[in-house]
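The following paragraphs are intended to be read beside the sequence and the model. Please keep both in view.

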2 protein chains.
Amino acid sequence: MGSKERVVILGGGFAGLNLVKHLDNDKFDIILVDKNNYHGFPPLFYQVASSGLDPTSISFPFRRELRKHRPENAHFHIGEVKGIDTTRQEVTTEYETLPYDHLVIAAGTTNNFFGNPDLIERVFTLKSTDEAIRARNEILDRCERAALEHDPDIRRKMLSFVVVGGGPAGVEIAGALGELKRYILKRDYPEIPQEDMTIRLYEGSDRLLRAMSEKASATALKDLGNLMVDVNLNHVIKNYDNNIVTLDDGQEIYTEMVIWTAGVTGSPIPMSGTDVKPGPGGRFITDSHCKVKGLDNIYAIGDINLCITDKYPRGYPQLAQVAIQQGRYLAKCLNSGTCVKDFSYVDKGSMATIGRNRAVADLHKVHLTGFFAWLAWMFIHLISLLGMRNKINVLLNWIWAYFTYNTALRLLLKGSKYPKRGSMWDKG
Amino acid sequence: MGSKERVVILGGGFAGLNLVKHLDNDKFDIILVDKNNYHGFPPLFYQVASSGLDPTSISFPFRRELRKHRPENAHFHIGEVKGIDTTRQEVTTEYETLPYDHLVIAAGTTNNFFGNPDLIERVFTLKSTDEAIRARNEILDRCERAALEHDPDIRRKMLSFVVVGGGPAGVEIAGALGELKRYILKRDYPEIPQEDMTIRLYEGSDRLLRAMSEKASATALKDLGNLMVDVNLNHVIKNYDNNIVTLDDGQEIYTEMVIWTAGVTGSPIPMSGTDVKPGPGGRFITDSHCKVKGLDNIYAIGDINLCITDKYPRGYPQLAQVAIQQGRYLAKCLNSGTCVKDFSYVDKGSMATIGRNRAVADLHKVHLTGFFAWLAWMFIHLISLLGMRNKINVLLNWIWAYFTYNTALRLLLKGSKYPKRGSMWDKG
């Protein structure tokens, strides 16, 4: 182990995990660091939040993946990264300090509240499995309590949902809430009149799914309308306080649950021993070999990579596909000791679902909408899920949901608050 | 609705749910009150704690069950019961006050710390799905952190587990931890030497599974030994503080995770308008018709029922079978307006698993052990699980586990701590 060069990988998302999978474990001593002990699946977090899928079906333990490497060559270390010392070539987590020969930053992005940091304590987000579970519990809890409430005005306040952001995440969670209002409410919560639930979506630009085709945007708008989602374009949220959302035009809307999908920024990582700082969007500026400019032996891949090319002057889109391809690309480079050619992104298109059985998909020249787009969406996501068990689980759930709306998963499950953890090694 | 007599049922466990299922919903306005929105499955909580099963596979939403009744006749109300006013015939929960004509207390039991109430903040328990999730996360977190620890002494402290109580719950969770030590550790945590993990079980009496046959006790003792569990009989825990367990003989044992299965007591429910108090074990003393002695229109069924008979001078055993049978019995009584005969418990035997594929079962004269007892145990639990989806899920998981040890579920999933909940109707 000592003789081999050590590659430390920060983050086990699509980028980090695909790097681990393809790194030569005879050549390197590999350490994957992540604050969770599993690989999550961001494209489906919204289905966790809407009780459509169970968190365990879209999570895969890193240790199962690493077992495929010989244990002495690949290790998983749990921990949140606290800092990188580029002079001493060390990474520090809440638990330990790790020396590295090569460091790969694949830490992804976190929510961006655009200079409104205290929003983190007031809005719900969908950037991690844990955040999605929290949102799920809040939605279910509100339905349960609204079902007990006799005052219609209070009931409407309890069920006033606002989704901020019209990208895939915003459109998908808004669609799922629309399904709840349109189809599930009268079955599971007969006490709640449908009109008491309101779902408003606010998007700053003039269309939904800006990254996709005009056709996709138009279809998404129509489909969300059919699911009783009130879509408001060209509106930016200025603030949210005391259950009041304030828009840029001064308009004030009462809402008790805001789901924030409006923006991301690279996960902040303090660095010492260098004056290299993350660039726009908190992303590390790299050369065409994913190497961070101005640093040796440090690479950035996935959402946190910012590589400016003629075709992508603002960097590659922050999509799973880019992360997967960069992970594989960097593995090749490190395995062969040098990057023979520049990284180039092969765009396989993008898609988003609206509700239970509709979607929009841009696949190169082909624009799919409705049911067929949804089938394509299902297929693509199933093959990208890690583990046969998860694939089967998710497929069964979707088939089930197609007929039953998956109300089997509308469970308000939370860890109990006791005991307060007592060990001297606790994170507190 | 107003015209019909209202039956309010406190608790949707085996007793409450079976009552709901069999109550005549043309005759009664039925309200089921529970603090969770789902029916949990206590016999399998230990498998949630040991990552063998996913909480969603053993939970069933009450609203799905109630849909079978006509909605206007059966309702689910979420809420924790705060008190019963027998004069005004009202139940108060954290959210509302409910008038009743007939009240059925099926609130079950909670952990009993035998005059050591502050233990609740120091030990882990398995009396609810949420408690089991908490225990699961703690066990996984300890394994992950021990895998990073270089000091063997600290590692051993992190992995020093104590199970208190040698009943089914204690034996089953100890067995599951034994599986972890014996089979899973070297596969998933190659960094942790097996001997660094210790599992100690303390039982006050002179044998495990006291309620079962001598043969079952002896087999359980042997099987736990094979799973490297250090079983200590005739030992009572006096205290647990600063990671030190103190036994009745003054012995002190260092442990950082205590799983408490040593005793239960009826869930406390403040009552006004009467001086009737719960009897021994916090259970309500009832006549042979499950009617609480000294109270009109108030019944107690399941673990919280205490009905003294010649055959059961200390009340019926607190088992799922009794609860199920009492729920059905009381439904008959209420439907027909009178109890034609006394409740009598048909003992179908009892069983417990030890580890992945062994069990002990006392079925009348038949005493099964090992693999066949395990098959019987699986069968019985599968048929008692609510919902085809859950039955299939659990069966697939068990088949999977039999070959793979289910490491797919070793996921450290917890709800995120943000946002702090802001609505004026929040429980705070």
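The buried residues of α1(B) pack against β1 (5–10), β2 (28–34), β3 (38–39), α3 (62–66), β9 (102–105) and α8 (320–336) of chain B; helices (H or I, at least four residues) and strands (E, at least two) are DSSP runs, numbered from the N terminus. Buried means under 20% relative accessible area, exposed over 50%, and partly exposed in between (1.4 Å probe, protein chains only). The buried residues in α1(B) are B:Phe14, B:Ala15, B:Gly16, B:Leu17, B:Asn18, B:Leu19 and B:Val20. Because seven of the nine residues of helix α1 (residues 14–22) of chain B are buried, this helix is largely enclosed by the rest of the structure.

This is a predicted model, in which local features need pLDDT of at least 70, side-chain atom pairs count only at pLDDT 80 or more, and totals for chains, interfaces and linings use all residues. Residues are numbered from 1 along each chain as its sequence is written, chains are lettered from A and ligands numbered from 1 in the order in which they are written, and side-chain values use heavy atoms, with hydrogens and water left out.

How are the two chains related? Chain A is superposed on chain B by a rotation of 180° with 0.0 Å of shift along its axis, at an RMSD of 0.0 Å (least squares on the C-alpha atoms of residues with pLDDT of at least 70 in both copies). The two copies are therefore related as by a two-fold rotation axis. The same surface serves both copies, since 100% of the contact residues of chain A recur in chain B; contact means heavy atoms within 4.5 Å.

Two packed helices are described by the angle between their axes and the distance between the axes. In chain B, helix α9 (residues 370–384) and helix α10 (residues 388–404) pack at an angle of about 160°, with their axes 9 Å apart. Axes are lines fitted to C-alpha atoms, for helices over the stretch in contact, and angles run from 0 to 180 degrees between N-to-C directions. This angle makes α9(B) roughly antiparallel to α10(B) (over 145 degrees; under 35 counts as roughly parallel, 65 to 115 as roughly perpendicular and the rest as oblique). Residues making the contact include B:Trp374 and B:Trp377 of α9(B) and B:Trp398 and B:Tyr402 of α10(B).

B:Asp101 lies in the loop between β8 (97–99) and β9 of chain B. B:Asp101 is partly exposed, with a relative accessible area of 28%. Leaving aside neighbours within four places in sequence, B:Asp101 is in contact with B:Lys4, B:Glu5, B:Arg6, B:Gln89 and B:Asn297.
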